[in-house]
There are 2 protein chains.
Amino acid sequence: MNYKMMTLDEKFRALEADNAPGQEVRQGLGDLKVIMRGEMLDGVPVDFSHGDVDAFPPTPGSDAAWEEGFSKGAAQAYTEYRGAAKIRKGLADRLGVFTGRPIEADSELIITPGTQGALFLALGATITTGTKVAVVEPDYFANRKLVKFFGGEVVPIPLYYKDSQSEKGPDLNRLEEAFKSGTKVFVFSTPNNPTGLVYSGATIIKIAALAATHDVTLIVDQLYSRMLYSGESYTHLRSCAVQPENLITIMGPSKTESLSGFRLGVGFGTPKLIERMERLQAIVSLRAAGYNQAALDTWFQEPLNWLENRIREHEAIRDELLRTFRAANIHTASPQAGSYLFPQLPPLSVDLHTFVRLLRYQANVIVTPGSEFEPACKDSIRLNFSQDHAMAIAAAKRIVKMVEIYSR
Amino acid sequence: MNYKMMTLDEKFRALEADNAPGQEVRQGLGDLKVIMRGEMLDGVPVDFSHGDVDAFPPTPGSDAAWEEGFSKGAAQAYTEYRGAAKIRKGLADRLGVFTGRPIEADSELIITPGTQGALFLALGATITTGTKVAVVEPDYFANRKLVKFFGGEVVPIPLYYKDSQSEKGPDLNRLEEAFKSGTKVFVFSTPNNPTGLVYSGATIIKIAALAATHDVTLIVDQLYSRMLYSGESYTHLRSCAVQPENLITIMGPSKTESLSGFRLGVGFGTPKLIERMERLQAIVSLRAAGYNQAALDTWFQEPLNWLENRIREHEAIRDELLRTFRAANIHTASPQAGSYLFPQLPPLSVDLHTFVRLLRYQANVIVTPGSEFEPACKDSIRLNFSQDHAMAIAAAKRIVKMVEIYSR
């Protein structure tokens, strides 16, 4: 179908969000009783669709920073659309150090309403009708939807992440092929959402070089790059020697730092694209909420050992979840960073969406179907395991039990 | 030019935001010394580009509501994309009473990041490549930009608002003509931004009837409808007996209530469009910041007499500003509601943009050029007079002085 000819109805059908994380409350459960096998599985409800900011609370001092912002009044309420200059300066310094290349606060960084906001602006600034965009599968579910919304054409790039696959990462041959045949934008997340795969240094260097050669704009979603597990290493694309002409890195404090309720994110990179992103922000929502921006002053300057402890606690949950699933022969790649797990279920007697609804109805467990991340995926579920440790393990055991009940 | 063929550069040129309110800090002032006549005019800086939330602080209890939301944790951080159910319920009840027609909380209302966010979603849900959209001139500057961004075609409708014009309101003949020749969406603000004109009851009823007859979707921006001056009356389009099939009303607490730093707004109306708006929000910024949503519980239930006092204080500033400008023969229509004033300047020796920059450089006064609201406007400036009373009058006197200096 030619996207240009899509009606609004068709356009919004492509944005269907009922299976998106957090939207489960809008799904009906009425007909499940007929399908259900066995008894209800008791247990405290666990919502793996997003992290639990009660189990892992927001950065210490983030609420005090908000209150200080509020008390500053007008100066904090009405910032430039790209965000308050002083806050941008601090962020640019700290993010420049973290990502291995200096950031010019005035021209190379924009504060956005969440990392989602940064992604929307970055893709809106680079995609128009007919733009070919390489999108990894599986990857964050909004990438594909955004490309379609802006009238672009999705060029799928397979990701190898399973334990059975020896060479991990995106298919670089397919990527080069795509770049050679007119792909103008490449958007991807590393650590990958939903698998937790971290692209290797060699892969990142190769992507940067290919983009430079073929004049492809890169949008790199590094939302989870701070939560890196022991023994793993991370390569920031903006630190590579060879740089593409157009590169936007996006990040935010919604995950590792649990500041999701503040809706804060950043995009940083090529000034021309940051300028476009600000112009778009001016008509989308003006700016990230002024008082909330003040909480960014806590980011990358948390109390001593705060980050280390948070990583250690998540690693312990990860390890026990992996043991739980693997003991039940549910194949699950080990996430190298972040708090997503992407178990692959054995053949079941019900389809994936029905199983996910049964999990919610019968076992008090909310997960996200893998098809949100890769349309063809019919056998995997995503868990955000930033949860109370004991409750997460208990819920995982209920998932295992449910897989047994519904195994074909 | 066929919009489909626009490059991204052209598309973003149309979104140029350097003269938008609040972005003045990004304009250069270097060459003004050469043009400047006379002396610098001393005075405390006044920024009329937006309201001063220090002079008129946020609704009492709004910060406490935020803190309570924060302390609720996960339940408040992760709401449905359309906003927390309980908060929507309260809003739907109160806004239904205010606007004269009940609102179904579950299907007819969405909470957005600011009224700007609601406008973006409403237009995104109704405009695609080639959609003809009637846009009033002058009106809120983002309307035209949004239509262009979504690939629509602007059909301009003149607004009569000057004291010299006997029949006030949009040109209804032009509007009907537009509806008859394929216009599918009509977006407008009442009270009008930038003039403060309130569309009469007869006009609103006529617009509703025309839209019903010609199957036109109405997007009505009622941001300032609460701040209604003495002797004025307001007709809510959603209260008319004849209703168009598709109607979205947008409002928010950023202006009268000074909650701009929270970035909160609402859209309410036709369920099908609310559903689309939520799907779009899911890829734009997920939701209005969760903790901030809690501040909406203060909206339309402020302390006794709070609104009356706020209106009375603004009316006093309005009246003195009108006297100041009119005494200097600067024609200024009297706003019936809201805090915008749109004085028409006499012929000057410099163009409007230069005069606006001179005002900032020489007289410490920031205003917005009329061309932001109507491209052909070369002689009017917009002031948001939600400011400290004495400082606003002093700044208005400096504007009068500057008009004298630069008169042709």
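At what angle do helix H6 (residues 114–124) of chain A and helix H7 (residues 141–149) of chain A pack, and how far apart are their axes? I got an angle of about 35°, with the axes 10 Å apart.

Ground rules before I go on. I'm looking at a predicted model, where local features need pLDDT of at least 70, side-chain atom pairs count only at pLDDT 80 or more, and totals for chains, interfaces and linings use all residues. Residues are numbered from 1 along each chain as its sequence is written, chains are lettered from A and ligands numbered from 1 in the order in which they are written, and side-chain values use heavy atoms, with hydrogens and water left out.

**Entry: the helix pair.** Helices (H or I, at least four residues) and strands (E, at least two) are DSSP runs, numbered from the N terminus. Axes are lines fitted to C-alpha atoms, for helices over the stretch in contact, and angles run from 0 to 180 degrees between N-to-C directions. I noted that H6(A) passes H7(A) in a right-handed crossing (the near helix is turned clockwise from the far one by less than a right angle). For contacts (heavy atoms within 4.5 Å), I found Gln116(A), Leu119(A), Phe120(A) and Leu123(A) of H6(A) meeting Ala142(A), Asn143(A) and Leu146(A) of H7(A). By class, that contact has five nonpolar, two polar and no charged residues. Here Ala, Val, Leu, Ile, Met, Phe, Trp, Tyr, Cys and Pro count as nonpolar, Asp, Glu, Lys and Arg as charged, and the others, Gly among them, as polar.

**Entry: a covered strand.** Next I checked strand S8 (residues 247–251) of chain B, where five of five residues are buried. Buried means under 20% relative accessible area, exposed over 50%, partly exposed in between (1.4 Å probe, protein chains only). Leu247(B), Thr249(B) and Met251(B) point one way, Ile248(B) and Ile250(B) the other.

S8(B) runs parallel to strand S7 (residues 217–221) of chain B, joined by four bridges; two strands pair if DSSP finds at least two bridges between them. Ile219(B) stands opposite Ile248(B). With strand S9 (residues 265–269) of chain B, S8(B) pairs in the antiparallel sense over four bridges, and I saw Thr249(B) opposite Phe268(B) there.
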